[in-house]
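Here is a short tour for anyone who likes to look at side chains up close. Have the viewer ready and turn to each site as it comes up.

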Amino acid sequence: MESVLAPASPHRGMDLTATARRLLEAGPVCDACLGRPVADRSFGLTNDERGRALRVTLALTDDEDFEPVAPSECWVCEGYCGAFDAIATTVVEALEGIDFATYQVGTRVPPLVEENDRLLREDAGLAEDAGEPLKREVNREVGRRVGARTGAEFDLERPDVLVVIDLEAFDPYDLDLEGAAEESRDDSTSADESATTEVSVTSHAVDCQINPAFVYGRYRKLERDIPQTEWPCRECGASGVQLGEHGEEPCDHCGGSGYLYDTSVEQVVRPHVVEAMDGDEGTFHGAGREDVDALMVGSGRPFVLEVKRPRYRRPDVEALEAEINEEADGAVEVEGLKLATHEMVERVKEHDASKRYLAQVTFGNPIDEATFREALETLDGATLEQYTPERVDHRRANLTRERTVYEIDGHLEDPTHAEVEVHGEGGLYIKELISGDGGRTEPSLAGLVGTAAEVEALDVLAVEGEDEPFERDAYLLE
Ligand SMILES: [Zn+2]
Ligand SMILES: [Zn+2]
């Protein structure tokens with residue numbers, strides 16, 4: 001490999017020693033700061049090694065005594081380049097008790113030190129961005145040490161933990177770095193002795209951000225009148241109280257609980273997952289949602305539970321599943337829980353899905369079998385025009401959507417009651433497909449049979465990906 005001492009071209013070698021001389025002109029510069037402006041040379045060296053090699057080369061060329069410069073004497077980094085071990089020690093301490101497999105390091109460099117780094121290059125006639133910035137060196141040098149001591153992998157994309165170092169939070173002059181640096185250079189020092197001189201920086205300099213962890217699964221809702229997510233009372237702002245003539249009294253709207261429903265799928269699932277991952281809080285993401293009064297049966301509906309600040313990322317999902325189901329006592333069931341990546345959130349929220357429904361329908365006037373069959377045949381495979389239903393939240397834009405009925409079948413139980421099974425495109429409003437919603441859905445079962453038709457009970461039988469299943473191996477952890 002090409003090294004700084006044996007350049008491919010003698011002219012480059014001349015340039016480099018001349019550059020090193022210019023870098024040293026303005027004042028004492030430590031090895032790392034001397035090597036950093038030429039960090040783009042010779043892969044496989046640290047800046048400290050580059051700088052030391054340059055200093056050795058100059059001493060030999062000039063036949064002068066070799067005079068090292070400790071970081072604490074360096075006008076550029078003001079000692080920070082001697083603190084990598086001490087920072088890493090604090091980082092490792094801060095990460096104690098946190099379960100992580102991947103990490104990333106970010107650094108805030110004091111503006112005055114950044115300015116020194118810039119002046120160093122300017123004075124030596126180098127480009128402002130020559131080599132690499134101090135920030136990147138700290139990230140890499142501290143990161144390398146943290147990786148070696150924890151066995152975790154560096155991950156630039158989506159680490160389990162992001163460590164942010166604020167150099168301004170400590171002064172390297174206050175650390176006993178001289179002793180530590182000498183010992184790390186001195187091979188005769190025993191490992192025991194160097195361990196006792198381990199130096200750390202203040203914990204205020206290190207902030208560990210833990211990225212969320214995710215559990216994917218499918219849920220069934222086996223009782224009606226359970227919303228998917230918790231439903232705070234709007235009248236009292238979830239406080240459960242309202243202002244009456246004699247001061248505060250229980251809210252009329254929610255009965256004082258602050259919530260319109262006692263529980264929700266979210267409230268059944270969330271606490272167990274958050275606790276199993278020792279997290280701070282959790283968010284429920286569903287692949288769409290059924291009406292509060294509809295059951296979710298069959299294969300269930302995909303969801304992801306996102307846990308914020310998990311101290312543990314690998315709970316036993318089978319035990320978790322059993323625990324949730326036992327506690328829910330039949331009202332809600334979860335199935336197929338798996339550890340997932342963050343991509344699974346977008347997957348359940350955005351993936352196109354078709355739905356299968358079973359509807360219990362009541363007709364206003366009796367109808368006969370032939371009329372019923374003919375109506376179903378017309379609807380089978382039909383594309384409907386659905387104007388935003390009356391009952392839907394009107395913060396959503398009112399517009400006409402085209403939705404396809406992939407398949408519809410059913411049987412008349414008596415002249416005013418039928419059971420209808422529908423497989424429809426995602427976004428198809430089933431209650432309106434049956435009722436016609438006062439002409440806002442066209443065609444509809446009510447319109448075709450010529451009498452009012454209402455859904456008395458609705459069960460969602462399946463939520464399935466249109467082109468491919470929700471579950472994707474790349475988004476699931478082993
Ligand atoms: Zn320095
Ligand atoms: Zn209320």
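The report below covers a metal site, some backbone details, aromatic pairs and salt bridges. Please keep in mind that this is a predicted model.

## The zinc site

Let us begin with the metal. The zinc ion (ligand 2) is held by the SG atoms of Cys233, Cys236, Cys251 and Cys254, at 2.3 Å. What arrangement do the four donor atoms make around the zinc ion (ligand 2)? The angles they subtend run from 103 to 115°, and therefore the arrangement is tetrahedral; the cut-off asks that all angles lie between 85 and 135 degrees.

Along the sequence, the donor residues of the zinc ion (ligand 2) follow the spacing C-x2-C-x14-C-x2-C. Cysteine 233 sits in the loop between β5 (213-221) and β6 (241-244), while cysteine 254 sits in the loop between β7 (247-250) and α9 (265-276), so this pair ties together parts that are 21 residues apart in sequence.

Are cysteine 233 and cysteine 254 buried or exposed? Cysteine 233 has a relative accessibility of 1% and counts as buried. Cysteine 254 has 13% and counts as buried too, because buried means under 20% relative accessible area.

## Backbone details

Next come a few places where the backbone deserves a look. Glutamate 442 and proline 443 are joined by a cis peptide bond, with omega at about -5°. Proline 443 belongs to the loop between β15 (441-442) and α14 (445-449).

Alanine 238 is not a glycine, although its phi is positive, at about 70°. You will find alanine 238 in the loop between β5 and β6, and its relative accessibility of 30% makes it partly exposed.

Aspartate 278 is another residue other than glycine with a positive phi, near 50°. Aspartate 278 is located in the loop between α9 and β8 (281-286). With a relative accessible area of 40%, aspartate 278 is partly exposed.

## Aromatic pairs

How many aromatic pairs does the structure hold? There are seven. One of them brings together tyrosine 103 and phenylalanine 154: the ring centres are 5.6 Å apart and the planes stand at 80°, so the pair is edge-to-face. For that label the planes must be over 60 degrees apart.

This pair links distant parts of the chain, with tyrosine 103 in strand β1 (residues 102-108) and phenylalanine 154 in strand β2 (residues 153-154), 51 residues apart. Tyrosine 103 is buried at 3% relative accessibility, whereas phenylalanine 154 is partly exposed at 43%.

Tyr219, Phe284 and Phe303 also deserve a glance, as they form one aromatic cluster.

## Salt bridges

Side chains of opposite charge can pair when their charged atoms come close. Across the whole structure, a search finds 38 salt bridges. Among them are the three in this table.

| Aspartate 31 | Arginine 52 | 3.8 Å |

Take the salt bridge between aspartate 31 and arginine 52. The pair links distant parts of the chain: aspartate 31 is in helix α2 (residues 31-35) and arginine 52 is in helix α3 (residues 47-62), 21 residues apart. Aspartate 31 is buried, with a relative accessible area of 5%, whereas arginine 52 is partly exposed at 31%.

Where do aspartate 117 and arginine 121 lie? Both are in helix α5 (residues 111-123), four residues apart, which is about one turn of the helix. Aspartate 117 is buried, at 6% relative accessible area, and arginine 121 is buried as well, at 2%.

How values were computed
Residues numbered from 1 in each chain as written. Chains lettered and ligands numbered in written order. Heavy atoms only, no water. Donors = N, O, S within 2.8 Å, 3.2 Å for Na, K, Ca; no water. Tetrahedral: all angles 85-135°; square planar, octahedral: opposite > 155°, others 65-115°. Helix = DSSP H or I, 4+ residues; strand = E, 2+ residues; numbered from the N terminus. Buried < 20%, exposed > 50% of the residue type's maximum accessible area, 1.4 Å probe, protein only. Phe/Tyr/Trp six-rings, centres within 6.5 Å; stacked < 30°, edge-to-face > 60°. Salt bridge = Lys/Arg side-chain N within 4 Å of Asp/Glu carboxyl O.
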